[in-house]
Amino acid sequence: MGGYTYNELGAIFAMQGFAGISLFSVLLLMALGLAIIFGQMGVINMAHGEFMAVGAYTTYFLSTLTETYFPGFMPYYFLFAIVLAFFVAGALGYFAEYALIRHLYKRPLDTLLATWGLSLIMQQTFRSVFGAREVSPGLPDWLLGSYQPTEMIDIPLNGMFVLALTGLVTFGVFYLMFKSSWGLHVRATTQNRLMSGAVGINTKKVDRYTFALGCGIAGIAGAAFTTIASTGPTTGTLYIVDTFMVVVFGGAASLLGTIASAFSIAQAQSILEFFISGSMAKVFTLLTLVIILMFKPEGLFASKVRR
Amino acid sequence: MSFAYDKLMGGKNGLTGFIILAILILIVFPLLLDSFRLNLVGKYLTYAFAAVSLVLLWGYGGTLSLGQGIFFGLGGYAMAMFLKLEASSPENTAIQSTPGIPDFMDWNQLTELPWFWEPFSSFTFTLVAILVIPALFAYIIGSAMFKRRVGGVYFAIITQVIAVILTVLIVGQQGFTGGINGITDLRTLNGWDITSDSAKNIFYYVNCFLLLGVIIASRYILTSKFGRLLLAMRDKEDRVRFSGYDVANFKIFIFCFAATISAIGGAMFTLQVGFMSPSFVGIVPSIEMVIFAAVGGRMSLIGAVYGTLLINFGKTAFSESFPELWLFLMGGLFIAVVMFFPNGLAGLWQDYGHYITDRFKSVKNLFVKPASATKATTVENS
């Protein structure tokens, strides 16, 4: 790391760290949904990335609509887009659970294949509807520009917005899981499905809403993603592996673990990216994770679950 | 003789299926197809190695590897490295700034051959490497995971991540690996031109015989006590463990064996197609190999070959004329196979095949026993 003064190094770390925080936000939003689904049902949703893309495309669609018909509404549309992305992705997830996944709970490996099939179909649908080129929605003015605490540090506003959004969603998920009666049902089902059924919890319904919620959060991740990068039909696949690693590394069914692991993975990746090439940063991060997981397969924070 | 009949062929049904497959790929395809199409079929059949390996690992062993592309790629790259070194002799590469090293290294400002390329100038070493390196790699992954009782979806994800790591590494380290284009422009094998039609035909037959050999070897494993243990582990792992077997070692073995098989396929791929690239290593090819096995029937070695052929024929036919439709079809196939016929084509044949064979038999009976047939009609008339 020769050639940089301490001041510069500090600025680099701050800026790369913040770039890492944008990545962290998207990864965390994706992983939250995946972790809830995986933790509760043991289902690996390979189409999770595509549900994120659904959110992103919904945002794009709404922005085009607003731009054409209600230009005056442009500054505010994004907030609606987030909500809409949540509901569109959530509804699709609800449908996918009903049509596909509920038949396969006993065969987790087969769910993996079926959801991969689903992801192929969704990808092609995106390509047929929105075209193969990457699209990005017109962002409202208040998301552009950056904040400069010192001369050398330059923090983009959209990153801060995404971080705030992530914080809000994470808080919401925590509240839902640990304070609401629905969350109680979910946690009970996770811990012991049979007993939960015996005491009168409709576990099938819980499953379906959990899946829908997970997909909905992926939709929010997609809306947030549009502020950082442009969306293409295969955008989802790019993030799915990283997201899996976040979930597995954090320890399935542990939300705290998911946050910690999303943070460490995103930070490691983006700080390394500055010093070595992007691809090698990815190799190092993933390799380290694989090696750690070989020694500690249950992940960072393993919660005790009876299956 | 009866040993060979029962253990290697799997009894009467197994023998019939095996012979039909052998006739199809050794006689029917070469007679019907021109040299270009035959080469294409040969390429598909190299994927069948990976599909067969997945039947062992996933169908019988119950461990799904989403990283068979890793081993396919390792085998393919080992072969490609040997061929590339031969193709870049100092005479052939005299125009480069450093003659005698592969062209892509020269483009990437490398001035000498990296150390791990050195041994691949020996053909014997390459052949050994194709068989040993993937197995060794699988041993490391397998022993790290199975000894700690990691299995199921975790194993699937970790193998997938390793496939991603390998792809990113190959693409990123352009100077050492040829990057995204892979290792191309391979010409000769020990001085023998591999791009000619006659060479391709010979490789096709070599490939077929290897594939049939692999099927026999796999069948031997499955009919042995080991095969029965494998099934037992898939269905009730704990019970096998409590009976005193070391479950992890059996899993490691089958994983290594599957890796070696896939690597043979990869090496044959390089020989027949003439290049190797990271697009045969990553997530997508690995998961496609799983669907080959799934469509053919995850419990049927021969079914896996048919599944591979069928999907690849379909892919070629569809993506030539309706590229958009193909992904829909492929996605639908994934879902349909998993939801409606989890045992694939082989399962369908088992469930409904007797309708066809029965008809054959009744036709045969008509000729063989005319007496009984006439008797039946007379009874009906009376």
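So, the ring cluster in chain B: ring pairs join B:Tyr47, B:Phe72, B:Phe269, B:Phe275, B:Phe280 and B:Phe292. By pair I mean rings of Phe, Tyr or Trp (its six-membered ring) with centres within 6.5 Å; planes under 30 degrees apart are stacked, over 60 edge-to-face, the rest tilted. Quick caveat: this is a predicted model, local features need pLDDT of at least 70, side-chain atom pairs count only at pLDDT 80 or more, and totals for chains, interfaces and linings use all residues. Residues are numbered from 1 along each chain as its sequence is written, chains are lettered from A and ligands numbered from 1 in the order written, and side-chain values use heavy atoms, leaving out hydrogens and water.

Searching the whole structure gives 37 aromatic pairs over all chains. One of them is B:Tyr44 with B:Phe313, edge-to-face, 5.5 Å centre to centre and 90° between the planes. Why care about that pair? B:Tyr44 is in helix 3 (residues 35–60) of chain B and B:Phe313 in helix 14 (residues 301–321) of chain B, so the pair ties together parts 269 residues apart in sequence. Helices here are DSSP runs (H or I, at least four residues), strands likewise (E, at least two), numbered from the N terminus. B:Tyr44 is buried at 3% relative accessible area, and B:Phe313 is partly exposed at 35%. The cut-offs: buried is under 20%, exposed over 50%, partly exposed in between, with a 1.4 Å probe and protein chains only.

Over to chain A, and charges over rings. A:Arg102 lies over the face of A:Tyr98, 4.4 Å from the ring centre, and A:Arg208 has its charged end over the ring of A:Tyr94, 5.9 Å from the centre. To count, NZ of Lys or CZ of Arg has to be within 6 Å of the ring centre and within 35 degrees of the ring normal.

Still in chain A, look at helix 2 (residues 48–69) and helix 3 (residues 74–99): their axes come within 8 Å and cross at roughly 140°. Those axes are lines fitted to C-alpha atoms, for helices over the stretch in contact, with angles from 0 to 180 degrees between N-to-C directions. The two helices are therefore oblique to each other; under 35 degrees would be roughly parallel, over 145 roughly antiparallel, 65 to 115 roughly perpendicular, and the rest is oblique.

B:Gln109 has phi near 60°, positive in a non-glycine residue, and is exposed at 67% relative accessibility. B:Asp185 also has phi near 60°, and is partly exposed at 38%.
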